[in-house]
Amino acid sequence: MREVTPVSFDPLLIVMDVLATMLLVSVGLVILAAMVLYIVDVTQTRHAVRRNYPVIGRFRYWFEHLGEFFRQYFFAMDREEMPFNRAQRSWIYRASKNLSNTLPFGSTRDLTRPGTILFVNATYPELDQKDAAPPPLTIGPETAEPYTTEHFFHISGMSYGAISNVAVQALSRGAAKAGCWLNTGEGGLSPYHLEGDCDLMFQIGTANYGVRDEHGNLSEERLRELAESPHVRMFEIKLSQGAKPGMGGILPGVKVTEEIAQIRGIPIGKTSFSPRRHPGISNTSELLDAIARIRDLTGKPVGFKTVIGSEQILDDWIEEILRRGPESAPDFVTIDGCDGGSGAAPMPLLDVVGLPLRESLPMTVDRLEQSGLRERVRVIASGKQVNPSDVAWALCLGADFICSARAFMFALGCIQAMQCNRNTCPTGVTTHNPRLQQGLNPTNKAVRVAHLARNMEAEVAMIARSCGAPHPRALNRTHARIVQPNGLSISLHQLYPSSARAA
């Protein structure tokens, strides 16, 4: 009988055989896919690059997309990027982590570029090294519940919906730790705004989100309910914002969750557009009527936010206020520059509509001073003020307070990925994707928000003391200079002769 030899199996050979088979299949699939793409590309007529260079032409779009993310790390110099360069972001990151902000060797800033701000150091500064706290300022002193604070740096409007719930939680908690106020943005009041027990400025946008009735009109009942909250300290009527003056807000439908729809009073899952202006406010007279109505209903300070387009609108406001009497004036006005930001705005409005803060801020302050309304109306500057030099500059021009949104977004972890309008923010700040939100820990980020607010005020105070001013609110236009096209600088007081706080 013939003996049968048992067959031996080598596991390694089996694995290698399987891998080789998988490799051949994969190569075959790649070749097949390339052939399909080749046929698609050479027959389509929409894209010239793909038609002339089938398959490989598709890499153009991939590289273009990756460039958005890698440019800031590998190619751009510290001072080159827009809207915020690496040097600006690095200061915010260090300040929010409470790390040292000292640097070696020398400045990387081009000090000869026109528009550069230089501060005038005092030859004989005070010996006392302790920075004095600025005196408190009161907004709406004649209202039933005025608001008083010694802080001059606050959090600008970012709506829940435009940013995530965890981002709002972190901002609310951080604002409470720092003692600054948090503007709700036009998206209404959410539980996350209240969670930190901070002071809130409730913003009323053109769609009346959060204070609208079933027809979208301003609800007096809802205003009274909000006024009962001890956290809602002020109301701001938003006429326009720097990123898109003359256009209402846009909230993509992918961000309109059930909760956000309920808070705002809008349909779930549908893109929400705010009107270009408040339906009931078409002129200065109606604006002052709206301010008086809300102030009477709530008993709290009321002002408005706008982008200045010309001197004429300021003259119209002041003329109507003086005709009615100073008591009719808004308790504050927030001036947003055309270099403001937003989660979603058309490029033409972002780039070329409205006046920058360097024109509109001194213009507003000067007209209020000339009309005798400067002490009645507090001035808030908003728009790209993210570093101590920016804030000190705004104080020199006459601002009472400075508000920033994007500085605090960086404190939350924003890396300027430019994904705000796509619900794909990689750091969880502007997305409602739970997987991406998990990267933002509100407890940890609240501490960074507070650190940023405190360190900002501390370093502005350092600039003030270097200039010989006892505290930041004492800064005026004689304390700063601006570089001209010839490379030489002139005093801000010379460039803007009229100032409420000129020496």
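1. The largest cavity has a volume of about 120 Å³. A cavity is a set of points on a 1 Å grid over the protein atoms alone where a 1.4 Å probe fits but cannot get out; the volume is the space filled by probe spheres set on the points, which are joined across faces, edges and corners. The structure holds three cavities of 30 Å³ or more.

2. Residues with an atom within 4 Å of a point count as lining; for the largest cavity they include Leu288, Phe304, Trp317 and Thr364. Helix H10 (311-324) and helix H12 (357-370) each give two or more residues to this lining, and H10 supplies the largest share, four residues. Helices are DSSP runs of H or I with at least four residues, and strands are runs of E with at least two, numbered from the N terminus.

3. The model is predicted: local features need pLDDT of at least 70 and side-chain atom pairs pLDDT 80 or more, whereas totals for chains, interfaces and linings use all residues. Residues are numbered from 1 along each chain as its sequence is written, and side-chain values use heavy atoms, without hydrogens and water.

4. In helix H7 (residues 220-227), Leu223, Leu226 and Ala227 are buried, that is, under 20% relative accessible area (1.4 Å probe, protein chains only). The buried residues of H7 fall within an arc of 100° seen down the axis, so they line one face of the helix; the arc is that of the directions from the helix axis to the C-beta atoms.

5. The protein has 17 helices and 15 strands. Of its 503 residues, 50% count as buried.

How values were computed. On a 1 Å grid over the protein atoms alone, a cavity is a set of points where a 1.4 Å probe fits but cannot get out, and a pocket is an open set with protein on both sides within 12 Å along at least five of seven lines; lining residues have an atom within 4 Å of a point.
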